[in-house]
Protein chains: 2
Amino acid sequence: MEAIKSFDQLRTQLKNSGERVRVAVVWAHDGHTPEAVRRAVSDGFATAIFVGHREETLAAVNLTAEMEHLSFVNADSPEEASAAAVALVREGKADVIMKGLVNTDVLLRAVLNKQTGILPYLDEEKTKRAVLTHIAVVDIPRLKRLLFITDAAVIPNPTVEQRAAQIRYASHLCHCFGIEQPRIAMLHCTEKTSEKFPITLDYAALKERAEAGEFGDILLDGPLDLLCSLSPEGLADKHLESKLEGKADVLMFSDIEMGNGVYKSFTLFADALIAGMLFGPQCPVVLTSRGDSIDAKFCSLCAAIAVSKR
Amino acid sequence: MEAIKSFDQLRTQLKNSGERVRVAVVWAHDGHTPEAVRRAVSDGFATAIFVGHREETLAAVNLTAEMEHLSFVNADSPEEASAAAVALVREGKADVIMKGLVNTDVLLRAVLNKQTGILPYLDEEKTKRAVLTHIAVVDIPRLKRLLFITDAAVIPNPTVEQRAAQIRYASHLCHCFGIEQPRIAMLHCTEKTSEKFPITLDYAALKERAEAGEFGDILLDGPLDLLCSLSPEGLADKHLESKLEGKADVLMFSDIEMGNGVYKSFTLFADALIAGMLFGPQCPVVLTSRGDSIDAKFCSLCAAIAVSKR
């Protein structure tokens, strides 16, 4: 499989696959969400289950109930819709969850519910659960390839084990996009490892674990700043060497502040289309924002569908 | 005075002023620094004092010793050159310091030296010194105005008092650029004030002090994310209001990680020209990087000269 380098390529590949993935759409009572879903349905790679008021959803866009590959599950509130969508995944009836006009907190509560949720336990005693984190796929036209960034939205200051999970999730995501040996940059404001910044010691420990083979076939380096991660020239200017060669696929941020700042500057100044989703739950959960365009919501759905197919 | 909206405008204004500012250039043995300085000298707004090896500096570019408004102070090492440049400022013989091919640490040691340095004491007992911080002036073509950002390089996690100093310095800098009522955004990954993120409580305290008039005629708001700081549309999409109206002049970063990440993404993806300098010392200290272009170094020098003239 060739690496997918843009959302356009991703769409084409999903269209050509001829397979549909079942998407549970939670409370799609806004204009953009059902329109984005409709596009995936008519492109032939999604089946939609709208969980919410049937009439309000139908009113939200020009959906006609006759359209094939659409179904409805009734729910009277965003809370009920969230729980119902999660239940569909548990029952094996949905492969992806997509957020509509519901607060992230409400959807997260349903996902995380200890009895009825979909964040797996890692041990039989049920004391330890999978790490929940946010990864976004970024299409920046001038970069001519996709970037995968984590975490701009959920974990403020990741621990070493949360970072290890981010490495595993991001590698898996890269594989879904045809990148066989993901290049993962652990970001920081300098390239120095020092006790003054404890995360740089965490980075050193993770590099050792990567070299011992724990994360499979990846290239992991850090601390690196954004320039040294993404620009071969930036790396050369600083007279530094990195096994990533300034061509990182994945950016692991030092903290949520850096993540959010870089994410927003991609949106504002790099003409980026960004597809965000949650990793950790049994299935990808598409988290879009109220202000996202139909294009952004559609790309987010495409990315989640690509992940769910592997 | 009309607000200056680009480095081109700044250059024109400095040229038209007909006044020269005295610049002590530390160890300018690379190609780019003396060339940037030469440009300011021939534009008529700088007098250069090169502190270093006279012959090596002359060799570094096509400087001819006959050129007016150039002088040389001999020094045998970067350490000696740094100390000599700082001494020139103390003696009232230089108005700006510019870093050449010397490590930032070395120059900083000379600036910060308790006996011979130029970071003022704030009390007679000499127990408290002025806050040393980094502010950069950013020219992003598509923004059509200048941004002032702090701190992407020096203070990892500013305290409230360090932030108060950043507000004062940034306001002064804005005034130097003709912005009468600076709009200052205190950045964070969300717009919520909560104990979960202690800096948001600091922001609330600073807003109260601003409203009490401590910082003069400024508009201060936060926590705001980058989008809500710089985009009226981004603010409207989130159904939020801010007295900055999505038109911030100054971005105060939550931490050095966010600062550095946003700074580098401006460089990589927004075609930004960025001029960085230190605030706190008796005079502006131009801190450029090894990899900076002649243009970037020239703009940095112009910005520092603009500050030193007020």
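Predicted model: local features only at pLDDT ≥ 70, side-chain atom pairs only at ≥ 80, totals over all residues.

A: Residues are numbered from 1 along each chain as its sequence is written, while chains are lettered from A and ligands numbered from 1 in the order in which they are written.

In chain B, 11 strands form an open sheet with mixed pairing, in the order β3-β2-β1-β4-β11-β10-β5-β6-β9-β7-β8. Strands (E, at least two residues) and helices (H or I, at least four) are DSSP runs, numbered from the N terminus, and two strands pair if DSSP finds at least two bridges between them. The edges are held by β3 (70-74) and β8 (219-224) of chain B; each has a single partner strand, so one side of each is left without a neighbour in the sheet. The pairing of β3(B) with β2 (residues 46-52) of chain B is parallel and runs over 5 bridges; B:Val73 in β3(B) is the bridge partner of B:Val51.

Helix α4 (residues 78-90) of chain B packs on the sheet, where it touches β1 (21-26), β2, β3 and β4 (96-99) of chain B. The direction of α4 makes about 165° with that of β1(B), with axes being lines fitted to C-alpha atoms, for helices over the stretch in contact, and angles running from 0 to 180 degrees between N-to-C directions.

Towards the other chain, 30 residues of chain B are in contact (C-beta atoms, placed from the backbone, within 7 Å) with 30 residues of chain A. On this side of chain B, α10(B) gives the most, with 12 residues.

Key. Contact = placed C-beta atoms within 7 Å.
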